[in-house]
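Please walk me through this structure, one part at a time. I am new to it and would like a plain account.

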Amino acid sequence: MAVLPIYTYDHPILREPATPVKDITGEVAAFVESMITTMHNADGIGLAANQVGDSRAITTIDVSELEECAGLPPMVLINPVITAFSEDTVEYEEGCLSLPTLRDKVVRPKSIQLRFYDLQQHEHSLEIDGFLARVIQHEVDHLRGKYFFEYLNPVRRAMAHPTLRRIQLGQVATSYPLYDPRKHVAHKQSLKKLAHKRGK
Ligand code: ZN
């Protein structure tokens, strides 16, 4: 399956709320395979579909590297909804494949009640806590158009600004392919030129 380029701050698709998946087809399953390949290739523990330029409400998660989750196969959450959050919160450092080099501590509810569909079209409602609950909250936020740095206090957020600017300008190096909007624009322009020539 293909490794897809990852979209970074501040591409508009990362700000848009995801569209629910209506039919869980073979095409959705194939796309999910590519998402898992992309996530593993980037050494990521979670990936939302809009991070690879697709606006559907799908996220993949793999926390099997963690001792408490060892052996757990990658999770596929289709149309995930968090229906309840615990009052207890935990602070923990987060990073994001769409925000390379930015890391900061984020306070989040410790446990959640999650509803989602799997690839076999089965609906699940689970109570999840600990690290997995954090990763799911981070990914479901992506599907709502939200980044983890939005939880930082104004001081920390201001401190993150230069890093965000570098990411925006494409001045970060990653071990995984990033989507380059400038290339995309160039491609579109050359297509336009071609169409124009053909028209004449
Ligand atoms: Zn992320």
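In this predicted model, the count of aromatic pairs comes to five. One of them joins Tyr-9 and Phe-149, whose rings are 5.7 Å apart centre to centre with 85° between the planes, an edge-to-face arrangement. The pair links distant parts of the chain, since Tyr-9 is in the segment before H1 and Phe-149 is in the loop between H2 and H3, 140 residues apart. Both Tyr-9 and Phe-149 are buried. Phe-149 also pairs with Tyr-147: here the ring centres are 5.1 Å apart and the planes lie at 15°, so this pair is stacked. Under 20% relative accessible area is the cut-off for buried. Tyr-147 has 1% relative accessibility and therefore counts as buried, and Phe-149, with a relative accessible area of 2%, is buried too. Through these ring pairs, Tyr-9, Tyr-147 and Phe-149 are linked into a cluster.

Setting aside neighbours within four places in sequence, Leu-99 is in contact with Tyr-9, Tyr-147, Phe-148, Phe-149, Leu-164 and Ile-167. Leu-99 itself is found in the loop between S4 and S5, and its relative accessibility of 1% means that it counts as buried.

Cys-96 lies in the loop between strand S4 (89–94) and strand S5 (104–109), while His-138 lies in helix H2 (residues 131–143), so the pair ties together parts that are 42 residues apart in sequence. Cys-96 and His-138 are both buried.

Helix H2 can be looked at on its own. With 13 residues at 1.5 Å a residue, H2 should span 18 Å, and its end C-alpha atoms are 19 Å apart, which agrees. Is H2 enclosed or open to the outside? Of its 13 residues, 13 are buried, so H2 is largely enclosed by the rest of the structure. After H2 comes Gly-145, with a positive phi near 80°.

Helix H3 (residues 154–168) holds Arg-156. Arg-156 has a relative accessible area of 30%, and is therefore partly exposed. Leaving aside neighbours within four places in sequence, Arg-156 is in contact with Glu-91, Asp-104 and Lys-105. Arg-156 and Thr-101 are 55 residues apart in sequence, and their C-alpha atoms are 15 Å apart in space.

The charged end of Arg-56 sits over the ring of Phe-31, 5.0 Å from the ring centre. In another case, Lys-146 lies over the face of Tyr-151, at 4.5 Å from the centre of that ring.

The last topic is the backbone. Most residues other than glycine have a negative phi, and most peptide bonds are trans. Which peptide bond is cis, with omega near 10°? The bond is the one from Tyr-9 to Asp-10. Asp-10 has its place in the segment before helix H1 (26–41). Asn-79 is not a glycine, yet has a positive phi of about 50°. Asn-79 is found in strand S3 (residues 75–85), and its relative accessible area of 18% means that it is buried. Gln-121 is not a glycine either, and its phi is positive at about 70°. The place of Gln-121 is in the loop between strand S6 (111–117) and strand S7 (123–129).

Definitions and conventions:
Residues numbered from 1 in each chain as written. Predicted model: local features only at pLDDT ≥ 70, side-chain atom pairs only at ≥ 80, totals over all residues. Heavy atoms only, no water. Helix = DSSP H or I, 4+ residues; strand = E, 2+ residues; numbered from the N terminus. Buried < 20%, exposed > 50% of the residue type's maximum accessible area, 1.4 Å probe, protein only. Expected span 1.5 Å × (residues − 1). Contact = heavy atoms within 4.5 Å. Phe/Tyr/Trp six-rings, centres within 6.5 Å; stacked < 30°, edge-to-face > 60°. Lys NZ or Arg CZ within 6 Å of the ring centre and 35° of its normal.
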